[in-house]
Amino acid sequence: MVRRRWMRCGGKEGICAMSIDQRPPSANEGIKANSRFLRGTISEGLTRVETGALAENDQQLTKFHGIYLQDDRDLRAERGRKKMEKAFIFMARLRVPGGVLTPAQWLAAETIARERGNGTLRLTTRQTIQFHGIIKSNLRQAIRGINDALLDTIAACGDVNRNVIARVNPWQSRAHAEVAGLAAAIGAHLLPKSRAWHEIWIDGEKVTGGEEEDEPIYGRTYMPRKFKVAIALPPSNDVDVFAHDLGLIAIEQNGRIVGYNVVAGGGMGMTHGEPDTFPRTGDVLGFCSPEQAVDVAEKVVTVQRDFGDRSDRKHARLKYTIERMGLEPFRLELERRLGFGLAPARAFAFGDNRDRLGWVQGDNGAWHFTLFVENGRVRDAPDRRLLSGLHAVATLGVGRFIITPNQNLVLADIPPERRAAVEALLRSHGLDAPVRGLRRNALACVALPTCGLALAESERYLPDLVTRLEDELERLGLAEDDITIRMTGCPNGCARPYLAEIGLVGRSPGVYNLYLGGAFDGTRMNKLYRRDVDGDAIVASLVPLFREYAEHRSAGERFGDYVIRAGHIRPTTGGNRFHLDLAAELRP
Amino acid sequence: MPSLPLLPETAPFPSEQILALNRIMSGTSVEQRSWLSGFLAGVQAANAPQPVASAPPARRAPLTILFATESGNAEALADLARKAAGKLGFAARAVDMADVTPAQVAGAQNLLVIASTWGEGDPPQRAIDFHAALMADDAPRFEGLRYAVLALGDRAYVKFCETGRLFDERFAALGATRVAERIECDLDYEAAANTWIDGALTVLRAELGEPDAGAVIHVDFARAPAEAASYSRARPFEAEITEHVRLSGSRSSSDTWHVELSLEGAGIEYEPGDSLGFVPGNDPALVETVLAAAGLAGDRQLHRRLSEQFDITTLTAPAFDQYVRLTDAAGLLRQEGWQVIDLLEAAPHRLSEEQLLSLLRPLAPRYYSIASSRKSVPDEAHLLIAAVRYQSLGRARNGVASVDVAERRKTGDGLRVFLKPNPHFRLPADPERPIVMIGPGTGVAPFRAFMQERDALGARGRNWLVFGHRNYTHDFLYQLEWQDLLKRGVLSRLDVAFSRDQPENRYVQHALWDAQRELFAWVQDGASIYVCGDANAMAKDVHATLQRILAEQGGGDGAAALDALRREGRYLRDVY
């Protein structure tokens with residue numbers, strides 16, 4: 001296949017016509033092409049007992065199966081002296097379009113975590129569950145347990161369409177069913193067709209023969225890079241619809257979803273010190289009908305498949321493809337493939353990108369409880385026995401467990417007559433305690449010790465930092481104000497830090513970049529405010545701003561808007577302006 | 001390399017037996033071969049139809065010294081007794097119970113039995129067959145046989161010297177004549193055994209009516225039986241600890257240490273499979289507690305003696321009785337699991353130094369399999385030591401030697417060591433012979449030595465290691481070394497079983513069972529099977545599993561098949 005690419009001419013603004021990409025493809029392209037549709041030598045690697053790892057190429061391929069090889073970084077220093085390799089462990093990530101699980105599936109997940117993993121469940125910003133700490137000898141059993149629960153981990157990572165996320169609002173039962181249904185439909189349509197997952201993890205690999213496989217949408221080299229889809233339903237932007245390769249904004253009229261605004265080219269990741277990498281909010285391209293939505297998703301995928309950069313993985317996401325091509329050429333290519341033009345975008349308005357905690361009754365009479373799960377980590381703490389409490393709720397066998405894009409959990413569809421039972425369990429496990437304004441709007445990625453990319457702590461550190469900040473906010477009378485704060489251990493952006501009012505991105509152990517000025521509704525990214533600051537400096541930087549905000553904000557003004565109005569930070573108007581308009585001392 | 005002795009094709013055996021004999025012979029040392037020829041001649045003589053009267057001149061009265069050994073102590077004693085007997089004019093030979101049947105002993109005239117008791121009153125595994133045959137209903141009669149039994153044991157166990165006692169009673173019941181009362185020796189057996197051997201030999205001589213029956217030959221215990229090293233239990237070598245690393249991960253539930261010792265200048269020429277012994281020091285805090293309980297706190301000289309010379313934990317039955325007498329504590333009941341300190345604190349009494357010491361055994365050495373090969377690390381010996389710690393009767397208990405090394409020794413310190421050869425746990429002499437090594441936990445130590453040796457020699461035989469422990473991540477001892485050996489093809493195969501990584505406990509025997517077809521193929525290819533480690537559970541479970549595999553795959557009697565392997569020297573165990 002001829003690899004085409006939009007090239008920049010003369011290194012300046014203009015974009016010349018399609019040309020042939022002369023650069024060599026990245027190593028991953030060869031791994032994918034030679035993988036026999038994602039098989040590689042994974043099965044053989046699972047039999048090698050002397051190492052807890054898999055072959056390097058297979059480590060890339062397992063991602064397509066929702067499985068990451070990691071190691072316990074807390075133990076790295078001691079291993080060599082003890083004559084042991086790194087403490088290799090796997091992370092397995094479910095594919096749960098829309099994040100909806102049955103109680104039985106929740107119990108199965110908990111059992112897998114206890115028997116095969118580290119005993120905890122990690123709810124993620126992609127509305128799924130990550131199992132951490134699975135050693136190689138337990139991996140197949142863990143995946144079989146997932147399969148037995150009618151779930152899978154296919155395409156939860158890798159250069160494919162990842163878990164499709166969707167607005168969580170079961171209290172509007174029909175609208176929720178429609179967006180969750182679309183999430184499932186897109187997820188199913190874009191699922192790799194390879195049987196590799198079943199062969200390797202469930203059935204055992206065929207020795208020879210079998211039908212020649214094909215990937216009608218992806219081809220044998222799949223996508224240039226990961227691809228993410230999110231579906232929002234205003235006024236909530238809980239999915240952060242602008243942070244994904246493809247976003248769909250449901251447009252509701254008279255209680256019915258009449259179609260979707262199409263948003264393309266969002267993405268959070270960047271690399272420190274490389275200004276041509278940047279987070280980007282997607283652009284609104286137009287509007288499509290509900291019936292067209294799956295087709296739109298497929299064609300956006302194929303445009304990116306053909307035009308995405310397959311040489312440099314740091315520039316391979318759709319956001320860079322669109323930056324390179326320009327939005328209009330991209331739209332033209334998309335519409336050419338669709339065979340129809342997108343309608344003009346409809347008006348929409350978002351209010352926030354958070355979850356509202358607590359009980360709410362739905363339009364069909366059922367009750368729903370949004371449970372705060374700090375950083376998505378489900379485990380028992382002495383005063384907050386999440387794992388046990390949710391186990392008890394699940395054994396009631398009622399309702400559904402819906403993971404939110406903010407790493408919380410909605411206990412949905414509780415019949416009115418069972419609400420008291422659920423409430424009693426929440427109370428007896430310490431799960432009904434109030435949470436203050438900053439903490440309930442805080443998000444952290446996993447980072448140390450399991451994530452191989454982390455440069456600094458995140459999940460293990462943010463709660464302490466929030467406690468310090470909340471003490472200050474309390475003194476200023478802001479304890480109950482909703483302010484979004486998000487931390488990641490590296491610049492890749494799993495907790496969508498660039499869309500928070502306060503963003504913290506790890507640089508090195510204990511050191512972060514501090515970003516300010518994101519919009520409360522997730523429509524505007526923040527901007528670098530302080531470089532390389534530690535916890536004390538973060539607190540020292542924020543407290544004066546909090547004080548000012550408490551004194552000078554206008555009615556209803558959000559913190560992220562205030563710091564811009566007060567001139568502390570310039571607004572970020574687009575991804576390619578993320579690194580610009582910085583204070584003088586921060587300019588490179 | 002000297003050429004190996006081979007039977008000619010014309011030897012009076014079926015060809016497969018010639019092959020088998022050649023295989024065995026090729027694995028023997030010069031010493032073993034000369035012993036074998038002597039042994040066969042001796043058996044021949046003993047079983048010869050001639051009456052006693054026509055035996056060789058009376059000054060060379062035949063004496064069989066039959067030993068049942070597990071750790072080598074009985075064997076060493078037998079060797080010393082043989083030498084002493086030789087000086088007294090006996091035509092003495094020392095015979096391992098593993099190599100004879102009761103019927104072959106029935107023709108002997110004079111017999112010394114030196115038997116160890118193992119674990120909870122069991123005979124050493126090498127003597128199991130002999131023991132069973134002797135106890136069987138169809139055991140031969142021993143009329144005309146004069147015998148005496150020296151029993152070795154450990155008073156810490158209830159069935160102290162059980163095996164020696166059973167042998168003693170059984171020989172009598174089968175018509176033999178006991179010429180000396182049985183002696184039962186504790187861990188500090190040397191002096192008592194010496195005296196008894198002298199006495200027993202003297203009585204045997206007297207029974208034979210020899211003129212110089214009064215002569216006493218003193219056994220020299222200062223010299224190691226193998227006479228290989230000049231350092232010995234009585235005169236250990238002060239080895240410097242050059243490396244002291246906790247191999248267990250920081251989150252491991254076990255605490256296993258890799259210790260490297262410099263043997264430079266020691267001349268300790270150990271072989272893979274051998275052990276090093278050392279006398280540990282006691283926990284100073286426990287010494288203090290014991291002294292305080294006895295009302296002797298603050299006695300610095302006594303503190304030192306207790307630290308270095310006495311076993312301050314083991315409470316033997318005689319010591320308990322002694323204490324009851326001393327303190328007039330009639331009615332005091334000895335509880336299961338009591339150590340000395342429990343007794344002292346249960347019935348406190350001020351003791352004199354002498355009284356306290358009368359309750360204590362000498363501090364015995366502890367033995368650890370050497371985890372290295374001199375061919376790979378000349379002048380070094382490596383040990384693998386798991387610290388033993390447990391709670392019992394409301395008190396934290398520590399293994400004396402293991403915790404001494406784990407907690408109180410560090411790099412640069414010394415350890416007073418001596419060699420304890422283990423001739424029954426050696427690599428096959430044939431470098432081509434495949435081996436299967438089953439060594440969970442610290443049982444893997446000798447197999448690290450085996451692999452270093454075979455690696456250094458460039459031995460081409462295939463090597464299969466079966467390792468096990470609790471957690472893969474935290475307890476995979478020497479993982480990087482096994483990886484390297486696998487990569488270089490020295491180690492041919494590795495199987496693992498980590499018991500606590502999954503809901504169901506998985507042990508080495510499960511790994512063996514899963515690999516039974518391949519294991520059987522290796523056995524058919526002539527593989528020797530080695531087992532090292534825990535005797536109570538692991539070795540028994542592995543033994544049973546090997547029997548099942550041989551039955552399942554070979555289609556016959558698994559027990560008999562495994563027994564045949566053992567007799568061929570292809571099923572070797574070093575368990576503790």
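This is a predicted model: local features need pLDDT of at least 70, side-chain atom pairs count only at pLDDT 80 or more; totals for chains, interfaces and linings use all residues.
Local features need pLDDT of at least 70 and side-chain atom pairs pLDDT 80 or more, while totals for chains, interfaces and linings use all residues. Residues are numbered from 1 along each chain as its sequence is written, and chains are lettered from A in the order in which they are written.

**Exercise 1. Two helices in chain A**

Find how H14(A) and H15(A) are oriented to each other, and which residues make the contact.

Step 1. Locate the helices, which are DSSP runs of H or I with at least four residues, numbered from the N terminus. H14 covers residues 462-475 of chain A and H15 covers residues 535-552.

Step 2. Take the axes, lines fitted to C-alpha atoms over the stretch in contact, with angles from 0 to 180 degrees between N-to-C directions. These two axes come within 10 Å and cross at roughly 30 degrees.

Step 3. Angles under 35 degrees count as roughly parallel, over 145 as roughly antiparallel, 65 to 115 as roughly perpendicular and the rest as oblique. H14(A) and H15(A) are therefore roughly parallel.

Step 4. List the contacts (C-beta atoms, placed from the backbone, within 7 Å). Leu465(A), Arg468(A), Leu469(A), Glu472(A) and Leu473(A) of H14(A) take part, and their partners in H15(A) include Ile538(A), Leu542(A) and Phe546(A).

Step 5. Sort by class: Ala, Val, Leu, Ile, Met, Phe, Trp, Tyr, Cys and Pro are nonpolar, Asp, Glu, Lys and Arg charged, and the others, Gly among them, polar. The contact of H14(A) with H15(A) has 8 nonpolar, 1 polar and 2 charged residues.

**Exercise 2. Two helices in chain B**

Now work out the orientation of H18(B) and H19(B).

Step 1. The axes of H18 (residues 516-524) and H19 (residues 538-554) of chain B come within 10 Å and cross at roughly 85 degrees.

Step 2. H18(B) and H19(B) are therefore roughly perpendicular.

Step 3. On the H18(B) side are Gln516(B), Arg517(B), Leu519(B) and Phe520(B), which meet Ile549(B), Glu552(B), Gln553(B) and Gly554(B) of H19(B). By class, this contact has 3 nonpolar, 3 polar and 2 charged residues.

**Exercise 3. Where the chains touch**
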